[in-house]
Amino acid sequence: MHVWLYDEYPYPSGIAGGEVILEHPEAKHYTLARTSYRAIGGERLSLELPWARILYAKAAPVTADGTPQWNQAMSIRSFIGNYQADQIFQKAGLTAYNQKRFFTYRTIQKLDWQVPPGEWEVLIVQEKELDDFKYYGTFVDPCNKEAMATFIRLTHDKYVAYLGEYLGTTIKGMFTDEIGLLGDIPWSPQLPAYFKERCGYDLLEHLDALINPNTNEGVKIRYDYYQSVHLLLRESYHQQVHDWCERYGLQYVSEVPSVRHTTQLFSHIPAGDSAHEKLGRSLDWILNAQADNFRSNAKMISSLARQLNRDRNLIECFHSVGWSMTLQDARWMIDRMAAQGTNMFNFHAFFYTIDGLVQHDAPPSQFLQNPYWKHYRKLSDYVGRISYVMSSGEAVISAAVLEPVTSLWTRLGNPFNGFSYSGELAEEKAQLEHLKHWWMSICNRMTKDGRDFDHLDPELLAQAEVECGKIKLGKACYSLLVLPPMTNLENNAWEKLKQFAEQGGVVISMGLLPYESIEDQAADRSGIEHAFGVPGSWEAKFWSPRRDDPLSWFKGDGAAYHLPFYAEDAPEQVMEMFSAQLNKLEPLLVRLLPVCGEWGLLMQARRISADKVLVFISNQEESLRDVQLQVNPRLWGGGEDYPFVFRELSLDDGDVVDLMYRDSFENVCRIDLQMEPYSARLIEITRSELLDALPVDDKGEVDHYKLNMDASALWELRPLSSNAVRFDTFRMTMSSKERTNKAFTEGTLVQAKTFIDQCADLSEAAALPVTLRQTFGTPMKLCMNYPLLAHYETEFIVEELLENSELLMDLGAISGKAAIRVNGHLLNVGDFQPNFLYDHRNISHEINDYLQAGVNLLEVEVEIRQDGDGLVDALYITGPFQVLFDDKQRPVLGPASISMQPVRGGPCKGFPYYAGDLSFKRTFELSTLPQESSFELIFSGWDSHFHDCAEIRVNGQSLGVRTWLPYRWTGNTEWLRVGTNTVEIIVTNTLSGLLEGKYFDYDEHVSKPVKR
């Protein structure tokens, strides 16, 4: 067994369960708070400011056109002081003679300034401790090198003490999670000193540049700022953890937000966090949702791994998809990531328990709680095969798209938040959005064209080797470089780009070439003009108001091309010209027709050896697609043409099927393929000199007997385990523990969750049991008047007396001292026994003797002593019954009679909450046995939204389990009988109905209540 360590719980990494900030209180996380105001001369300006350290406080005169002159700004720091903002009256005194006191409270910073004549722009920037954050209420500063060393000592070194003998052998690596800088503008108290040492000037004197672009050298200051954040974070955290891992022979895996791609320079396994969608999202939706985020874009992660010469790249996937996630959902997401180059997958998650509130921790659990766990080997084997494939050979990628990261920085795009705008100017925000839009459009167009590519950070381009018109970087080798619109580019990257173009490398620039200077050495405008053959004012057009100018390419002396257009242009015509130019300059060696994007397809080709290529194709959408795979003999590097052999390698079961071979025709070899909805195919293409030795596909398809069944007909439905009814909504009455006659609410409906959350839902509709408390010299505080009694009740109907019925719950379903009653009968909590329904912490109590025909009452009374008490999770009744609902939406428990229903996705009538196996049976007649040795079971009327696991049994013989599309089965004819035959479909569903009371509606792509 191989073990990988998750550095600490909970996340983000870096705080060691809170212990780091106990040892380093100075290393708490700080953010920038900024206050800006346009002041008019003569007014008395009074501004309340947060209680936080002041870094910058200046006022700049504003010109007649409304532009602040920050180079003429005056300091207003001396007009800011501390101030007690609140008054307090207290009915208490220190002597018997005085029982009333006056205090002040809530210290703030306050500006009190008499504004000089004219108009002024006021800017105050403060360093403010993080107000609140998940788990701890605060967080740690990952740029504090000493604190991060303490984190390693408190966390990583503990693993050495307990598991040292296994490090580097059984234990393979260490995973770090989501550590980065928070806030709309990332900040660390360590940054000013680091910035000054690196850049040679005082950042604190130029903080206005982070807000207003019209400052002197504002673009350069912004670049220096973000590059300093990038380097400081990487050195303080990532390099230290990397070095520790190296010391113990471990691989460092970092799933983290990045300032730029090379934040993960020290990762042995670059990682991201993607794949959190249910089946049915279009490829367009997926690509746009992930395009500009370093963490969630799997293609960015695999690109970096290739460029850093890493064998593996990892994606954490599946969290928060919800309890309706199926194995079909999982495989669909795996296919997408694999087509983008992912070859290592970190599934979230396998829970030890889903007791109580734990089940809401970014579900689902894919462990033994889930009904489909018994079939999970199918997915595991599939992922093992696809990971092996995507780790074999090298991707056939010759193109890279240069990331406009520094251009986004200088338009105040925060890389920790998907380059969201952090400034205050609408015009600048619009420019940022244009740059992001065109970057995403270019990348998505290449994906849809089936032109595989890598993302490339200019910092890595600067380190690349350029030789014979190729950019060589780790495992990657590029003959084509695409530049999206960009306003600037680092000088070292430009020098490599220029060298590449001079050697004959193809460079395609779109829309806007770099024109801003972000380093001490000015941008090489004349060199850019010469390289791309453009006029000297090339930037003017992109930012100008759109006109209907014809699009035309500029070309430099080599193979460098530039297509000018307006930022506001519609992308269709621009992208058509872009694709045409790519196909002209560098035709695709492996392609699909129609092209991938037209039909929701993704593809990656991998060269395994000199004579073998694998092509992986994924249909990401629900339509059946007939496509043609075309292979250009240039894939083999030219020379003599040889025959091709096509074989399909099954990722489902490892089988190999000979498809065909043919000589190349008109310099292109073609094979027709059919792509089932949401399916994937792996095609092996082999070139061989030995034509006679090649397998010839002359046997055709296996001739199965076609056995037709109608899935939409009525089948005999039977559950293979106990049914359940879920109670998650109760009428709640609150009363005082001491004054039981004082009720605050009378039968108000609440959901099962913590008491304080129930109160939040009731706050607008009911009086709440609150009290006011005060410590001497402090304000009154409003709080819940604990202890309280919460009485929960709900009704259900029993049509006739039931057998083997039990009340079931999680051990953690009730927090606080409780009494449970069924129709007034008290259930002794100590008499509940372990009873696995979906978790090993389920407990149950027989209630047969307490039920009655007609209306039944389930009551729970809980003593509430803290916010987290109450009826926090659903209760269940299990047994052999069916569940319907009356006109009041009360569950009606009826006898377990035979039910006749079609096979379909979603909840079955009578079993809305059921989780487990459902058996659908029906018979058919055969007068004679077929002549064929095998038969294929073909279903008409199969629900297109059925995505659960299904096993087919014919006369008791299993034809196997299908965990995803296509739902097809074959069997041996000897299993059939003359006369009556039985077909059974065993459907294994999810925990969605049981744990959420919901099902997933694929048409509307939303979860809906099962009550209907």
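Leu368 lies in the loop that connects β13 (344–347) with α9 (376–389). The model is a predicted one. Leu368 counts as partly exposed because its relative accessibility is 33%.

Six strands make it up, in the order β53-β35-β54-β59-β56-β57, and their pairing is antiparallel. At the edges stand β53 (899–901) and β57 (957–962); each has a single partner strand, so one side of each is left without a neighbour in the sheet. From one strand to the next, the twist averages 30°. Strands of a sheet pair through backbone hydrogen bonds, and the pairing may be parallel or antiparallel.

Strand β56 (residues 949–954) runs antiparallel to strand β59 (residues 979–988), and 6 bridges join the two. Ala950 has Val987 of β59 as its bridge partner. In a regular strand, side chains alternate between the two faces of the sheet.

Another antiparallel pair consists of strand β51 (residues 881–885) and strand β52 (residues 891–895), joined by 5 bridges. Here Phe885 is placed opposite Pro891 in β52. The two strands, β51 and β52, form a hairpin, with 5 residues between them. Gln889, in the turn of this hairpin, has a positive phi of about 65°.

How many disulfides does a search of the whole structure find? The count is 0. Cys199 illustrates this: the nearest cysteine sulfur belongs to Cys143 and is 14 Å away, and Cys199 is in no disulfide. Cys199 counts as buried because its relative accessibility is 19%, and the limit for that class is under 20%.

For a disulfide, the two sulfur atoms would have to be within 2.5 Å. Is Cys468 buried or exposed? Cys468 is exposed, because its relative accessible area is 64%.

Technical notes. Residues are numbered from 1 along each chain as its sequence is written. This is a predicted model: local features need pLDDT of at least 70, side-chain atom pairs count only at pLDDT 80 or more; totals for chains, interfaces and linings use all residues. Side-chain values use heavy atoms; hydrogens and water are left out. Helices (H or I, at least four residues) and strands (E, at least two) are DSSP runs, numbered from the N terminus. Buried means under 20% relative accessible area, exposed over 50%, partly exposed in between (1.4 Å probe, protein chains only). Two strands pair if DSSP finds at least two bridges between them. Axes are lines fitted to C-alpha atoms, for helices over the stretch in contact, and angles run from 0 to 180 degrees between N-to-C directions.
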